[in-house]
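Reader: I have the model open and would like to go through it with you. Could we begin with one side-chain contact and then widen the view?
Author: Gladly, here is the structure.

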Amino acid sequence: MGAHPMTIDGVNGVYFAVWAPCAMRVSVVGDFNMWDGRRHQMKRLGDSGVFELFMPGLKAGTLYKYEIKNHRGEPCLLCQAPHVSIFLQLFDVRNQHINL
C-alpha cells in the first residue's frame, strides 16, 4: 500500500495502492492534474477493496493525496502518512497533510 517509485516495462513512474473497501471511486490528485479526481482514477482489484494505479513519468517526492468518493458520491481527500493508521485517516476529513 502507498506510493512506490518503480519501473514497469522500461517506463519509470510511481505505483499507488490503497485499501478503501467502501469507496465508490479512488483517484490520485496533485499539482500534476490540477487536483482533479477525474483525471487519474485508480482501478479496483476485484472485491478486495484495494485500488491501484501506475502513473508513468511521475517522480519520487511529488506531492499527492488520494481523493475518495464515498458510497454517497461525496469526495474527501486522504493522505497516506507514515506510521499513521489508515483507519484513523478515513475519519479525518479535515486532514491537512500532503503526501510526499
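Author: A polar atom of the side chain of Arg44 lies 2.4 Å from the backbone oxygen of Ala23, where a polar contact is a pair of N or O atoms within 3.5 Å, of which, within protein, one must be able to donate a hydrogen and the other to accept it, and residues adjacent in sequence count only if both atoms are side-chain atoms. Please keep in mind that this is a predicted model, in which local features need pLDDT of at least 70 and side-chain atom pairs count only at pLDDT 80 or more, while totals for chains, interfaces and linings use all residues. Residues are numbered from 1 along each chain as its sequence is written, and side-chain values use heavy atoms, with hydrogens and water left out.

Reader: Where does Arg44 lie, and what does it touch?
Author: Arg44 lies in strand 4, residues 43-44; helices (H or I, at least four residues) and strands (E, at least two) are DSSP runs, numbered from the N terminus. Not counting residues up to four places away in sequence, Arg44 touches Pro21, Ala23, Met24, Gly49, Val50 and Phe51, contact meaning heavy atoms within 4.5 Å. Pro21 is 23 residues from Arg44 along the chain, and their C-alpha atoms are separated by 9.4 Å.

Reader: Which strands form the open sheet?
Author: Three strands form it, in the order 3-6-7, with antiparallel pairing; two strands pair if DSSP finds at least two bridges between them. Strand 3 and strand 7 (75-78) are the edge strands, each pairing on one side only.

Reader: How many bridges are there between strand 3 and strand 6?
Author: Five bridges join strand 3 to strand 6, residues 65-69, and the two run antiparallel. One of the partnered residues is Arg25, whose bridge partner in strand 6 is Lys69. Strand 6 also pairs with strand 7, in the antiparallel sense, over four bridges; there, Ile68 stands opposite Cys76. The hairpin of strand 6 and strand 7 has five residues between the strands, and Gly73 in this hairpin takes a positive phi near 85°.

Reader: Back to strand 3, which of its residues lie on each side?
Author: Arg25, Ser27 and Val29 are on one side and Val26 and Val28 on the other, and all of them are buried. Strand 3, residues 25-29, is therefore mostly covered, with five of its five residues buried under the cut-off already given.

Reader: What does the side chain of Arg25 join in a polar contact?
Author: The side chains of Arg25 and Glu67 are joined by a polar contact of 2.6 Å. Glu67 is found in strand 6, and its bridge partner in strand 7 is Leu77. Glu67 counts as buried because its relative accessible area is 12%. Among the residues that Glu67 touches, beyond those up to four places away in sequence, are Val26, Gly37 and Pro75.

Reader: Which residues touch the most other members of the largest nonpolar core?
Author: Of its 16 residues, these are Phe16, Val26, Val28, Met42, Phe51, Tyr66 and Ile68; a nonpolar core is a set of buried Ala, Val, Leu, Ile, Met, Phe, Trp, Tyr and Cys residues joined through side-chain atoms within 4.5 Å. The elements that give two or more residues to this core are strand 2 (11-19), strand 3, strand 5 (50-56) and strand 6.

Reader: One more from strand 2: what about Tyr15?
Author: Tyr15 is found in strand 2, and a polar contact of 2.6 Å joins its side chain to that of Glu52. Tyr15 is partly exposed, with a relative accessible area of 21%. Gly2 is 13 residues from Tyr15 in sequence and 8.1 Å away in space, C-alpha to C-alpha.

Note on methods:
Buried < 20%, exposed > 50% of the residue type's maximum accessible area, 1.4 Å probe, protein only.
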